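Subject: Handover of a structural model

Dear colleague,

Please find the structure that I am handing over to you below. My notes on it come directly after.

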Amino acid sequence: MAKKNFTGEVYYPSDDVISKAHIKDWNELSKKASEDFLGFWEERAKELYWFDQWEKVLDDSEKPFYKWFIGGKTNISYNCLDVHVKTEKRNKLALIWEGENGDFEAMSYYRLHKETCKFANILKSMGVVRGDRVTIYMGRIPEIVIAMLACARIGAIHSVVYGGFSVEALHERIEDSQSKLLIVADGAYQRGKIVPLKEIADEALQRAGGIEHVIVVKRTGQEINMEFGRDMWYHELRSLPIANQDCALEVMDAEDPLFILYTSGTTGKPKAILHTHGGYQVGTYTTLKYVFDLHDEDRYWCAADPGWITGHSYIVYGPLLNGTTSFMYEGAPNFPYPNRWWQMIENYGINILYTAPTAIRGLMRFGDAWVKRHDLSSLRLLGSVGEPINPEAWKWYFSVVGNEKCPIMDTWWQTETGMFMITPMPCVPLKPGSGTRPFPGIEIDILDDEGNSVKTNEEGYLVIKTPWPSMIRTVYGDPERFVKQYWSKYPGIYMTGDSARRDEDGYIWVIGRVDDVIKVSGYRLGTAEIESALVSHNSVAEAAAIGIPDDVKGNVIYTYVILRAGVDPSDELKEELRQHVAHEVGPIAKPASIKFVDKLPKTRSGKIMRRVLKAEELGVDPGNLSTLEE
Ligand code: WTA
């Protein structure tokens, strides 16, 4: 890429970085892909194994229900494991894992394959068949990866619930997905304490019906309740003859569901985003290979949680499809000391680190000395995801962590997109805070309310104009919501829910959500979830939640509560309500502030005007108030 003429603060890649990269000329690749995006994706798909070739790359006859690789037969688990086991990669490490308490595990492709088959056989013996939903609720331990791959192998649809969610969040997701089996760990280590996952699951199961069996993975070892006939220990099942190391795999249609993953949307309950075996693997495989420029000798660490899309696409599927060695760490970044991450990078010789701005800001707070104590020279590339990265954090990450030699891949994408959509590659000049340009083959635009492209540097709605292989197929169980939420503001165009602007170099700067989604420490939460948790407390009549900018977490949650008649406001009640939200939704949803109020600003039709609350909190102009009731 020509080193010239970019405006603003620009970091150009070194010749060394470019010479080693798979993609040396972004412009050339992008041009080729935009001239023939179907051809581009078809070429990529051919790098993976298919039991039967597709007849057609894209079927858009029922827009927006796009279908990819029609007629293709595959199974993502085959491409993640079996393919490698047949080559010299069989003894390569697939996964290196460190527990927060110092426990350690390393698994070759060969072993991960066997473990997956064993788990798959256990699932089969419990009556799980193709198309069944299985909920998985665990911390960051190797068994979560095995469980996901085992589901994929037998064609069951996994629904992973983040281990930081709590009772009601888990209940809702089990019920909505109509799962018949739950895989849970007894607990998870977090900051030296045990998160009692099984206990939380027991409470959720009291609220939800449908679960026939619970497989319990022993991690923390404390005493837990095991319900006779329902709950079974994984380590016991694993030693039974049924847990055979060979398990025939289901041949899946490219469009067969692989997983659902719940995420927060504009209104109401979290929705189940559906991804498939065929297109999803093509998207995650390609984007990870090109953007994090994977080479055979790399040790790659995505520090996200498997319970979110980043973990699905870039801890589990993307790296395994590429035959990479991944590192996974169970616990908190600053436990027992703020050098934990840097120490592990040094110990394991990590080459690529992919994390979120909130983690970077959190670690930056402890000062440079914690980083400088360690030799981080193995690092070659860095990555960021989840929210816009502020230039200050970007520069710290670049200079202190990356020693000014590691380009930062700021990847913009969503649960719905399944893969990176706006992202640099190592050969692309970087501007701190911008994800640069769309991935080759993706057409992005920024529109005003009428659907016209906005002018350079003007803010508008971020939209996607071309279909892509790992795109959301539907909202599971609610196709109308899928159409309404994503495809109705501008018919035929995918609405991301974000606002953005594009600068004179065509670089995209994502500004933030334009809906009622709040990003707290990079985690996606909906105002509705927090509000309904508050209202489920018997002293609350009505509640509103908003996001307020925060230096470390990106946003924190502020809430406004109308108490029921006769309930007295007090600080104790505030604390009780905060704990209640943590118990129902999860600790990440705990409000930073609760204010007792008599009234909430509403439109005449009764909708809470959250932007008015936000403007008041921030002391800014609330804008147009013509719809305000009073
Ligand atoms: C935000 C996470 C700016 C954005 C992969 C998006 C980002 C939402 C970035 C999706 C980034 C994600 N820069 N904003 N690099 N990455 N976002 O579904 O608002 O948990 O719509 O997927 O995160 O969140 P989700």
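Predicted model: local features only at pLDDT ≥ 70, side-chain atom pairs only at ≥ 80, totals over all residues.

The ligand site

I begin with the ligand. Its shell is made up of 17 residues, and the closest of these are D410, T411, T415, R513 and R524. By residue class, the shell comprises six nonpolar, five polar and six charged residues.

In the side chain of D410, an N or O atom is 2.7 Å from a nitrogen atom of the ligand. A backbone N or O atom of P388 lies 3.5 Å from a ligand nitrogen. On the oxygen side, a ligand oxygen atom has a polar side-chain atom of R524 at 2.6 Å. The ligand taken alone would expose 530 Å², of which the protein buries 96%. Two elements each give two or more residues to the shell, namely helix 11 (309–321) and strand 24 (508–513).

The second largest pocket

The second largest pocket has a volume of about 410 Å³. Its lining consists of 18 residues, and T266, K484, Q485, Y486 and D515 are the closest to the pocket centre. Helix 16 (479–487) and strand 23 (494–502) are the elements that supply two or more residues to this lining. Helix 16 accounts for the largest share, with four residues. In terms of class, the lining divides into four nonpolar, seven polar and seven charged residues.

The loop that joins helix 16 to strand 23 contains I493. With a relative accessible area of 18%, I493 falls under the 20% limit and is therefore classed as buried. The C-alpha atom of I493 is 9.1 Å from that of P467, and the two residues are 26 positions apart in sequence.

Helix 7

Two residues of helix 7 deserve a mention. S177 belongs to this helix, which covers residues 167–177. Its relative accessibility is 0%, so S177 counts as buried. A polar atom of the S177 side chain is 2.8 Å from the backbone oxygen of R173.

I174 is also part of helix 7. I174 likewise counts as buried, because its relative accessibility is 0%.

Backbone geometry in the loops

Two cis peptide bonds should be noted. One joins K63 and P64, with omega about 0 degrees. P64 sits in the loop between strand 1 (56–59) and strand 2 (67–70). The other cis bond runs from F335 to P336, and omega there is near -5 degrees. P336 is located in the loop that links strand 17 (325–329) to helix 12.

Two non-glycine residues have a positive phi. For R191 the value is about 55 degrees. R191 is placed in the loop between strand 9 (188–190) and strand 10 (193–195). Because its relative accessibility is 46%, R191 is classed as partly exposed. For D293, phi is near 45 degrees. The loop that holds D293 runs between helix 10 (278–291) and strand 16 (299–302). D293 has a relative accessible area of 2% and so is buried.

A buried loop asparagine

Finally, N351 lies in the loop between helix 12 (340–348) and strand 18 (352–355). Since its relative accessibility is 15%, N351 counts as buried. A polar atom of the N351 side chain is found 3.2 Å from the backbone oxygen of S378.

With kind regards

Notes. Residues numbered from 1 in each chain as written. Heavy atoms only, no water. 1 Å grid on protein atoms, 1.4 Å probe; cavity = no way out; pocket = protein on both sides within 12 Å on 5 of 7 lines; lining within 4 Å. Points joined across faces, edges and corners; volume = space filled by probe spheres on them. Nonpolar A, V, L, I, M, F, W, Y, C, P; charged D, E, K, R; others polar. Near = heavy atom within 4 Å. Polar contact = N/O pair within 3.5 Å; in protein donor to acceptor, adjacent residues only side chain to side chain. Areas by Shrake-Rupley, 256 points an atom, 1.4 Å probe, with all protein chains shown as cover. Buried < 20%, exposed > 50% of the residue type's maximum accessible area, 1.4 Å probe, protein only.
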